[in-house]
Amino acid sequence: MLPIERQKRIQSLIKEKQYLKIAELSELLGVSEMTVHRDIKPLIDEGRVIKTFGGITLANEQPMNSAYPNSCVFCSRQLSERLVYRLILVNQQMEEACCAHCGLLRHHQLGDDVMQAICPDFLTQTIISASKAWYVMDSTIQIGCCQPQVLPFEWNEHAKRFVTGFGGVIYSFQEAKEHVFQRMTGDNPSQCHHSE
């Protein structure tokens, strides 16, 4: 099967199932996972599918924050790919938050409606599972987004080394979600503070 034929098959499968794992596609197409990654790259670039942690999901026709395209679903701030936190919901919709701060707050609001969340590792910029990440708050580094700023790391060891150099406190996903929510409830939780 030619790459173009596999891409058509992938599009058909993703429309039918909404979400597929790379390993599942590899098995269904009878090719390696590396070949699947090459085949889905043009589909991701064209906005037909969205890369998630370990798989792909169907791109929304109408994103949840379509009233303000390319803006945070929580605070309406302009999105930056280096910080964006994506929530994939059980209804197959996707929401995007400008940073882990807003992403964790929105995650807290939505609860079990979130099927998966992904964000970039602050250090490596690779996409990671938000629920398996470690989060640093109150460091001396200013990233120019919402306060209190929240920096995600895939590895606890990387977060520890970062804190050694730049200060801050490390939290697990659940701890970070609760901590940022608690910090914001003293203020209006729908209003984020932006650093200038």
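This report describes the strand pairings and helix packing of one predicted model.

**The S1-S3-S2 sheet**

An open sheet is built from three strands in the order S1-S3-S2, with antiparallel pairing. Its edges are formed by strand S1 (19-21) and strand S2 (49-52), each of which pairs on one side only. From one strand to the next, the twist averages 25°. S1 is joined to strand S3 (residues 55-58) by three bridges, and these two strands run antiparallel. Within this pairing, lysine 21 has glycine 55 in S3 as its bridge partner.

**Helix H3 and its neighbours**

Helix H3 lies across S2 and S3 and runs at about 125° to S2. H3 (residues 33-45) also meets helix H2 (residues 22-29): the two axes come within 9 Å and cross at roughly 100°. Because angles of 65 to 115 degrees count as roughly perpendicular, H2 is roughly perpendicular to H3. On the H2 side, the contact is made by Ile22, Ala23, Leu25 and Ser26. On the H3 side, Glu33, Val36, His37 and Ile40 take part. By class, this contact of H2 with H3 has five nonpolar residues, two polar residues and one charged residue.

**Strand S6 and its partners**

Strands of a sheet pair through backbone hydrogen bonds, either parallel or antiparallel. Strand S6 (residues 114-120) pairs with strand S4 (residues 85-89) through four bridges, and the two run antiparallel. Leucine 87 stands opposite alanine 117 of S6. S6 also pairs with strand S7 (residues 127-129) in the antiparallel sense, over three bridges. There, proline 120 has isoleucine 127 in S7 as its bridge partner.

S6 and S7 form a hairpin with six residues between the strands, and glutamine 125 in this hairpin takes a positive phi near 65°. How much of S6 is buried? The strand is mostly covered, with six of its seven residues buried.

**Strand pairs**

| Strand pair | Bridges | Sense |
|---|---|---|
| S1 and S3 | three bridges | antiparallel |
| S4 and S6 | four bridges | antiparallel |
| S6 and S7 | three bridges | antiparallel |

Taken together, H3 is linked to two parts of the description: H3 lies across S2 and S3, and H3 makes contact with H2 through residues including Val36 and Ile40. S6 likewise has two partners, S4 with four bridges and S7 with three bridges.

How values were computed:
Residues numbered from 1 in each chain as written. Predicted model: local features only at pLDDT ≥ 70, side-chain atom pairs only at ≥ 80, totals over all residues. Heavy atoms only, no water. Axes fitted to C-alpha atoms, helices over the stretch in contact; angles between N-to-C directions. Parallel < 35°, antiparallel > 145°, perpendicular 65-115°, else oblique. Contact = heavy atoms within 4.5 Å. Nonpolar A, V, L, I, M, F, W, Y, C, P; charged D, E, K, R; others polar. Buried < 20%, exposed > 50% of the residue type's maximum accessible area, 1.4 Å probe, protein only. Pairing = 2+ DSSP bridges.
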